[in-house]
Amino acid sequence: MSRKSRNRKRYVCCPACGEVVFKGTVAESEHICHKCGATIGAWVKDGVVVVYDPIDESREESTAHRLSTYLDALERDKDKV
Ligand SMILES: [Zn+2]
């Protein structure tokens, strides 16, 4: 067992093109891929790396999708009556 591994640098890659967007041991930030322009959220702590899409949360599409799901549910209820 080596203690060195705890502080080893982590690499966060762009999920779209594979470009390295972050190198380091701690991160909680958003990065813009300089190769393809994708926004990547990176969370790095204690050797754990989490990559997420920060745009996904607020994207209009997802709101539209939620709305259509809601409308579908309403339609289904109508059939029941
Ligand atoms: Zn990229």
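This is a predicted model: local features need pLDDT of at least 70, side-chain atom pairs count only at pLDDT 80 or more; totals for chains, interfaces and linings use all residues.
Student: Why are β3 and β5 called edge strands?
Tutor: The open sheet has three strands in the order β3-β4-β5, with antiparallel pairing, and β3 (27-32) and β5 each pair on one side only. Neighbouring strands of this sheet are turned by 20 degrees against each other on average, direction ignored, where the axes are lines fitted to C-alpha atoms and angles between N-to-C directions run from 0 to 180 degrees.

Student: How many helices and strands does the protein chain hold, and in what order do they run?
Tutor: The protein chain has one helix and five strands, running β-β-β-β-β-α from the N terminus on; helices (H or I, at least four residues) and strands (E, at least two) are DSSP runs, numbered from the N terminus.

Student: Why is Cys 13 called partly exposed?
Tutor: A residue is buried if 20 or more other C-beta atoms, placed from the backbone, lie within 10 Å of its own, exposed if 12 or fewer do, and partly exposed in between. Cys 13, in strand β1 (residues 10-13), has 16 other C-beta atoms within 10 Å and is therefore partly exposed.

Student: How do you know the class of Asp 53?
Tutor: Asp 53, in the loop between β5 (48-52) and α1 (60-80), has 14 C-beta neighbours inside 10 Å, so it too counts as partly exposed. The C-alpha atoms of Asp 53 and Ile 40 are 5.5 Å apart in space, although these residues are 13 apart in sequence.

Student: Which residues form the largest nonpolar core, and what makes them a core?
Tutor: A nonpolar core is a set of buried Ala, Val, Leu, Ile, Met, Phe, Trp, Tyr and Cys residues joined through C-beta atoms within 7 Å, and the largest such set here has six residues: Val 12, Cys 14, Val 21, Ile 40, Ala 42 and Val 44. Strand β4 (residues 39-45) supplies its largest share, three residues.

Student: Which residues does Val 21 touch?
Tutor: Contact requires C-beta atoms, placed from the backbone, within 7 Å; leaving out residues up to four places away in sequence, Val 21 touches Val 12, Cys 13, Cys 14, His 31, Cys 33 and Ile 40.

Definitions and conventions: Residues are numbered from 1 along each chain as its sequence is written. Two residues are in contact if their C-beta atoms, placed from the backbone, lie within 7 Å. Two strands pair if DSSP finds at least two bridges between them.
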